[in-house]
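Here is a friendly walk through one structure, written for someone meeting it for the first time. Have a look at the sequence and the 3D view, then read on.

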Amino acid sequence: MPLLRCRGLRKEFGGHVVLDQLDLTVAEHQVVALIGASGSGKSTLLRCVNLLEEIDDGTIELDGEDISDPRVDPDRVRRRIGMVFQAYNLFPHLSVLDNITLAPRRVHRRGRAEAEAQARELLDRVGLGAKADAYPDRLSGGQQQRVAIVRALANSPRLMLLDEVTSALDPELVGEVLAMIRDLKADGMTMVLATHEMGFAREVADEVCFLDAGRVVESGPPEQVLGEPTQPRTRQFLRRIIEAGRL
Amino acid sequence: MTLLDHVPSETQLRRSAYRRRQTVHSVLVAAFSTAALGTLLVIAVTGAPGWDRVRLSFLDPQIARDALPAVLSGLWLNIRLLVCCAIGALLLGLVIAVLRTLRGPVFFPVRALAAGYTYTFRGLPLIIVLYLLTLGVPGLRLQGMPPVLVLGGIALVLTYGGYLAEVFRAGIESVHSSQLAAARSLGLTYRQTMRHVVLPQAVRRVAPPLLNDVVALQKDVGLVSLAGPIDAVRAAQIATAQTFNYTPYIVAGVLFVLLAIPLIAVTDWVTLRAARRQSGG
Ligand SMILES: Nc1ncnc2c1ncn2[C@@H]1O[C@H](COP(=O)(O)OP(=O)(O)OP(=O)(O)O)[C@@H](O)[C@H]1O
Ligand SMILES: [Mg+2]
């Protein structure tokens, strides 16, 4: 059974169809990269999976449970899914440590000592142990994004959704965040990531999905989708990317 | 640390010396201009034709000394009322502001009531609310009616709660929706998101205007004297009526300013800190 299965997803914003008959299946321990032009619906798809947006048709199943059923408690679903945003979205009034322990303490009702020990261990592992007591505005963009990933991991999620986590970063800071995602993959984390980094998608993804106008136009192993795309739309998109020097 | 054994260069030493000289120079200029302006003011006021009469009826030291105890005991009432009403109004304002953010059809009546409250009490003059509560409510002759002072305090809390609710609401709305998305994505419930993510940021942002309203409240608490209780201004008025001398008002005024100084200083400090945070973030 796949960990995540989206079938016939539809999402409109005021009559404008953003996701249209979209299907996506993600097996456990699999990494799926979503690529596609700006506005193709990558972020919207991730937000729908995390129930931050209400879908207009179709179903989303997580671990075999239909989470798009309105009777499902969305808070309970989100505890099993970690989400990382393009703009980090750290809480500016909380220290790094408090950002990370907020959900374990309030949602999972862990004790402060236990939650902090776990947070410090996670921070140490990504080389940010010294920043535990700093506030987000004192960190570089790359450090903030790594803290945001740690914050999502502290919930021990089954699935991670990463929305263009490197596109707000200066080129020299991208590497440290990508290294962290590489480690997550090595640990067997299931991930769906929207990205503009084709090189990284090729390296880390088991499957690449090309989105266009709210549909998955082409999907498959990275060598195939990025190397020998069969669909004209995909070729066109990749050609533009190459011209922009991003492949 | 290299900071400790760093020897400043010749240029840096010259720059520091120049800055020191500039500082001394500025202090001297400031002192001179203040002294000049002060002298001018004193000459203008004391040289005015009516100065002697004004001094007798507004600045009589003996009358000031006699009026002080009564005015002080009135001021004590102001202080107690201020503390209670400020806490009450802040809590009420916060609750109303949060109620107005609740979504969903179940909460429609709550939202409507909260909105109706802020519209009503921001529009209604404080004096009318005071009269209604301190004169109208006791007229009902209900059992266990609280004293007039408490009723007056309730009038102040109701009126200022309306203003403060709007300030809190502005703060809540200024927290970007991406913060809510981040909190919800961690599995926090709406209440937890409000409590741990939105409100702390909102309150920090609107702390300066909130404190500003508390300073305004400090001047308005005296209005309860319209219903009988004797506050500092009313005490000064009584003393004035006895002596036909206005000095007690000056005494009350000075005491009010002294009381406001710490509050205003805190407001300025909080504002400055908020501004620094904004630019530093
Ligand atoms: N809350 C919203 N209200 C209205 N329209 C929206 C909203 N969110 C997204 N859209 C629209 O949906 C479309 C898809 O947006 P989405 O953010 O999913 O694209 P994307 O593939 O993530 O693009 P990018 O690569 O630039 O991040 C866009 O046309 C966008 O304008
Ligand atoms: Mg996006």
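Rings of Phe, Tyr and Trp (its six-membered ring) pair if their centres lie within 6.5 Å; planes under 30 degrees apart count as stacked, over 60 as edge-to-face and the rest as tilted. With that rule, a search of the whole structure turns up five aromatic pairs over all chains. In one of them, the ring centres of B:Y160 and B:Y163 are 5.6 Å apart and the planes meet at 75°, so this pair is edge-to-face.

A word on the ground rules: this is a predicted model, where local features need pLDDT of at least 70 and side-chain atom pairs count only at pLDDT 80 or more, while totals for chains, interfaces and linings use all residues. Residues are numbered from 1 along each chain as its sequence is written, chains are lettered from A and ligands numbered from 1 in the order in which they are written, and side-chain values use heavy atoms, with hydrogens and water left out.

**Tyrosines in chain B**

Both B:Y160 and B:Y163 belong to helix α6 (residues 148-174) of chain B, three residues apart, or about one turn of the helix. Helices here are DSSP runs (H or I, at least four residues), as are strands (E, at least two), numbered from the N terminus. How open are these tyrosines? Buried means under 20% relative accessible area, exposed over 50%, and partly exposed in between (1.4 Å probe, protein chains only). B:Y160, at 5%, counts as buried, whereas B:Y163, at 32%, counts as partly exposed.

Another aromatic pair joins B:Y246 and B:Y249, and this one is stacked, with 6.4 Å centre to centre and 20° between the planes. B:Y246 is partly exposed at 42%, and B:Y249 is partly exposed at 32%.

**Ligand 1 and chain A**

Which residues come nearest to ligand 1? Of the 13 around it (a heavy atom within 4 Å), the nearest are A:S38, A:G39, A:K42, A:S43 and A:T44. The largest share of this shell, three residues, comes from α1(A). Here are some polar contacts, meaning pairs of N or O atoms within 3.5 Å:

| Residue | Atom in the residue | Distance to an oxygen atom of ligand 1 |
|---|---|---|
| A:G39 | polar backbone atom | 2.8 Å |
| A:G41 | backbone N or O atom | 3.0 Å |
| A:S43 | polar side-chain atom | 2.6 Å |

The protein covers 61% of the 640 Å² of accessible area that ligand 1 has on its own, by the Shrake-Rupley method with a 1.4 Å probe.

Note on methods: Polar contact = N/O pair within 3.5 Å; in protein donor to acceptor, adjacent residues only side chain to side chain.
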